[in-house]
Amino acid sequence: MPETTAPPAPLLLVDGFNLLWAGTFGFPAPIHSRDKTRELTGLFAFFALLRAAIRDDLDVAEPEVLVVFDGEHGSADRAATDQDYKANREATAEALKPLQFLAPVKDGLDAHGIRWVEVDDAEADDVIATLATLAADSRPVLIMSRDMDYYQLLDGRVRILNRSRKSSRRIITATEVLTRFGVTPAQWPAFRALTGDKSDNIPGVRGIGPKVAATLLRDGMRLRDLPKSGRLTGAKGTAITTAWADILRWEAMITVHRDLAVPVAATGLASPQLPKPADVVEKLGLW
């Protein structure tokens, strides 16, 4: 009998900082070491939430898991284009609290055979976009993140897992984006350039809300074709025309890069199963 090759495991791409922040600030109760001298909330929650996602929210029990972290200088290129990019994010000790858990999270991933990648001059969005694009031809891809920038990657093979939503609505598809917002995933950067993105400090055009933006972009309209479309009329059309250079810059900033040189590649092999988060902490000797 000829040998049969098993199909590659579905790929779960985890937005590492997004998960770390969600765990640190959103876990039901703080976690401390036994002697109460160290807070462990972010570390414990990271592995608790990741383990729960694999157990409860995936179609298969054994995915390939790859965690992606933002590089230290990942935002530099976009910030050079617009100095206001992410300038609204707090840099207080409390706001940066999750960073204290970053090294032990990486150690915990290493200790349990879960691969991770961090490209110094790239944001996680672009690394994940590149990995998802490369993998989607051969297998399903699920991106675990609350970041709506990933909506532009949605298609028949790529979906998003947002665990902040109730269980029946955690998986986000291209169909949902079209139904909910009236635009296709490919139009998402244009839609957000017009309406704004508070999380990245992109203001959008004053007076242009989601309904107006969807109407302007109906029937697959590309942003660069709007000026000649005859749709930019009245006060709202004037507002867009006046802000046109900014809008094009915002669209470019929101658009993820799908062709980075990433130092790791998905293997197609299922990752080891994660133990309970308490066992991860125990193995690291942090209890």
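**Chatting through a predicted model**

Q: Which residues is Ser33 in contact with, leaving aside its neighbours within four places in sequence?
A: With those neighbours set aside, Ser33 is in contact with Arg38, Leu40, Leu286 and Trp287. Contact here means heavy atoms within 4.5 Å.

Q: Before we go on, what kind of model is this?
A: This is a predicted model, where local features need pLDDT of at least 70 and side-chain atom pairs count only at pLDDT 80 or more, while totals for chains, interfaces and linings use all residues. Residues are numbered from 1 along each chain as its sequence is written, and side-chain values use heavy atoms, with hydrogens and water left out.

Q: OK, back to Ser33. Where does it lie?
A: Ser33 sits in the loop between α1 (16–26) and α2 (41–56). Helices (H or I, at least four residues) and strands (E, at least two) are DSSP runs, numbered from the N terminus.

Q: Is Ser33 buried or exposed?
A: Ser33 is buried, as its relative accessible area is 0%. The cut-offs are under 20% for buried and over 50% for exposed, with partly exposed in between (1.4 Å probe, protein chains only).

Q: And Thr37, where is that found?
A: Thr37 is in the loop between α1 and α2. Thr37 counts as exposed because its relative accessibility is 56%.

Q: How many residues apart in sequence are Thr37 and Trp287?
A: They are 250 residues apart in sequence, and their C-alpha atoms are 9.9 Å apart in space. Trp287 also came up above as one of the contacts of Ser33.

Q: What about α1 and α2, at what angle do they cross?
A: They cross at roughly 115°, and their axes come within 8 Å. Axes are lines fitted to C-alpha atoms, for helices over the stretch in contact, and angles run from 0 to 180 degrees between N-to-C directions.
A: α1 and α2 are therefore roughly perpendicular to each other. Under 35 degrees is roughly parallel, over 145 roughly antiparallel, 65 to 115 roughly perpendicular, and the rest oblique.

Q: Which residues in α1 meet α2?
A: On the α1 side there are Gly16, Leu19, Leu20, Gly23 and Thr24. From α2 come Thr41, Gly42, Ala45, Phe46, Leu49 and Leu50.

Q: How many bridges join β1 to β2?
A: There are 5, and β1 (residues 11–15) runs parallel to β2. Two strands pair if DSSP finds at least two bridges between them. Leu13 stands opposite Leu66.

Q: And how many bridges for β2 and β3?
A: β2 pairs with β3 (residues 115–118) over 4 bridges, again in the parallel sense. Phe69 has Glu118 in β3 as its bridge partner.

Q: Let's move to α7. How many of its residues are buried?
A: 7 of its 8 residues are buried, so α7 is largely enclosed by the rest of the structure. The buried ones are Trp188, Pro189, Ala190, Phe191, Arg192, Ala193 and Leu194.

Q: What covers them?
A: The cover includes α6 (174–181), α8 (210–216), α9 (234–242) and α10.

Q: At what angle do α7 and α10 pack?
A: α7 (residues 188–195) and α10 (residues 244–254) pack at about 130°, with axes 8 Å apart. That makes α7 oblique to α10. Pro189, Ala190, Arg192, Ala193 and Leu194 in α7 meet Ile247, Trp250, Glu251 and Ile254 in α10.

Q: What comes just after α7?
A: Gly196, which takes a positive phi of about 100°.
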